[in-house]
Amino acid sequence: MLSTILSAFTVAEIRKKLLFTAMILALYRVGAHIPVPGVSLEAVQSVQEQFGGGGILNLLNVFSGGGLSQFAIFALGIMPYITASIILQLLTVVVPSLEKLSKEGEVGQARITQYTRYLTVGLAFAQAIGFTFLFRSFEANAGQSIVEKFDAPHVFLIVLSLTAGTVLLMWMGELITQRGIGNGISLMIFASIVSGLPNGISAWWNSPDQVFRVMMPFLALAVIAAIVFIQEGQRRIPVQYAKRVIGRRMSAGGQTYLPLRVNMAGVIPVIFAASIMAFPPTIGQLIQQPWAEDVAAFFNPSDAPYLIGETIFIILFTYFYTAVTFNPVDQAENLKKYGGFIPGVRPGRPTAEFLDRVLARLTFPGALYLASVAAFPTLLINQTSANFFFGGTSLLIVVGVALDTMKQLEAQLMMRNYEGFLK
């Protein structure tokens, strides 16, 4: 990995992409500490204990990189965009017009992306209103007003600032995807979680539980090793290509393989599941009613109902996202078009059924792996005074995004190496 990073800095174009990505992420971290206008910093600092422990506010604060606890312009983070993406992907399966758009190539995808942006603005605006009233409810604990003037113009200014912060993050994430290295949205969540690791390390080191202090590094290394092992695991389907006549030349046949990863969905199902499971307790926190507070307590991220719900959604989204990214029918048609076939399987529909059957068998253990890695460490940590930064979900996202980014970096290097070889 270190050799890949060092080699990347020797290529001018890749070096520019890496520096551009680092600059955008640095701006994101700066914005997570700039408070919205009309807010008392002293009052915000006095309610920091509301974001500790293992509650939903702590989870949202982790995904926002600490911006929520600071009531910063990036307090909402990138989660409204992820929620909008989930809704649009689900609607694509249900609504025929959206399904037709998804099959129209780049033009249709651009239209769906535009719809996702509009929905992100609406969701961010609604969440901004909710969090503004939530911080106002903390004023009794703060002993002073958090929002200095709680009237319509000042509230609208705060809501507009929070919404604009989310839109800016969405634009910055797309810039990283287009001009940098890796997936911009995933890298922003990665940066948010990594920024909290110093606090997590401090909580581990200062923990009164001596057993936890000894076992935590081994547990973290075991989870990381399991993530890398499964993420790199793949089933290689042998593919044989027949000889073909192209013009006046005959191309020689050959044998290769079709790699099917155990976890083709990556960390996307975990991010989606965390976004959906954060919705009920968030509503419970925003609505200051006894029944709403009971809902928030029931779906506490450290308790069994939350972990069970997250596990179910991870399995469902793993199957869903795998079906979106890999179409066995299209793969079978492409193999047949270019004269390829799987030994022992007839081309066409039997090949598609074979690939679908193999993919279903691979996806199930991959989904169980994601769910177990996300839930098992949290169950163990609940018995100690650990910080949420060490949760399985956080480690899964961090390691998964790092692996995907390294693969894209290696692909960029390999492409340039081939160019140099041809020259």
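Biologist: Where does Thr363 sit?
Modeller: Thr363 is in helix H18, residues 349-381. Helices here are DSSP runs of H or I with at least four residues, strands are runs of E with at least two, and both are numbered from the N terminus. Before we go on: this is a predicted model, where local features need pLDDT of at least 70, side-chain atom pairs count only at pLDDT 80 or more, and totals for chains, interfaces and linings use all residues. Residues are numbered from 1 along each chain as its sequence is written, and side-chain values use heavy atoms, with hydrogens and water left out.

Biologist: OK. Is Thr363 buried or exposed?
Modeller: Thr363 counts as buried, because its relative accessibility is 5%. Buried means under 20% relative accessible area, exposed means over 50%, and partly exposed is in between, with a 1.4 Å probe and protein chains only.

Biologist: What does Thr363 touch?
Modeller: Setting aside residues up to four places away in sequence, Thr363 touches Val262, Thr318, Tyr319 and Thr322. A contact is heavy atoms within 4.5 Å.

Biologist: Zooming out, how many helices and strands does the protein have?
Modeller: The protein has 19 helices and five strands. Of its 423 residues, 45% are buried. For contacts between residues at least 6 apart in sequence, 75% join residues at least 24 apart.

Biologist: Which strands form the open sheet, and in what order?
Modeller: Three strands do, in the order S4-S1-S5, with antiparallel pairing. The edges are S4 (254-261) and S5 (340-341), each pairing on one side only. Two strands count as paired if DSSP finds at least two bridges between them.

Biologist: How many bridges are there between S1 and S4?
Modeller: Eight bridges, in the antiparallel sense. One of the residues to look at is Arg235, whose bridge partner in S4 is Leu260.

Biologist: And how many between S1 and S5?
Modeller: Two bridges, also in the antiparallel sense, with S1 covering residues 234-241. Gln240 stands opposite Phe341 in S5, and Tyr241 stands opposite Gly340 in S5.

Biologist: New topic. What is the volume of the largest pocket?
Modeller: About 1,300 Å³. A pocket here is found on a 1 Å grid over the protein atoms alone: an open set of points where a 1.4 Å probe fits, with protein on both sides within 12 Å along at least five of seven lines, and lining residues have an atom within 4 Å of a point. Of the 40 lining residues, the closest to the centre are Ser85, Gln89, Gln109, Phe272 and Tyr321.

Biologist: Which helix gives the most to that lining?
Modeller: H5, with seven residues. Other helices supply at least two residues each, including H7 (105-137) and H16 (304-325).

Biologist: What is Thr92 in contact with?
Modeller: Leaving out neighbours within four places in sequence, Thr92 contacts Leu98, Glu99, Ser102 and Ile112. From Thr92 to Ser102 is ten residues in sequence and 7.3 Å in space, C-alpha to C-alpha.

How values were computed: Points joined across faces, edges and corners; volume = space filled by probe spheres on them.
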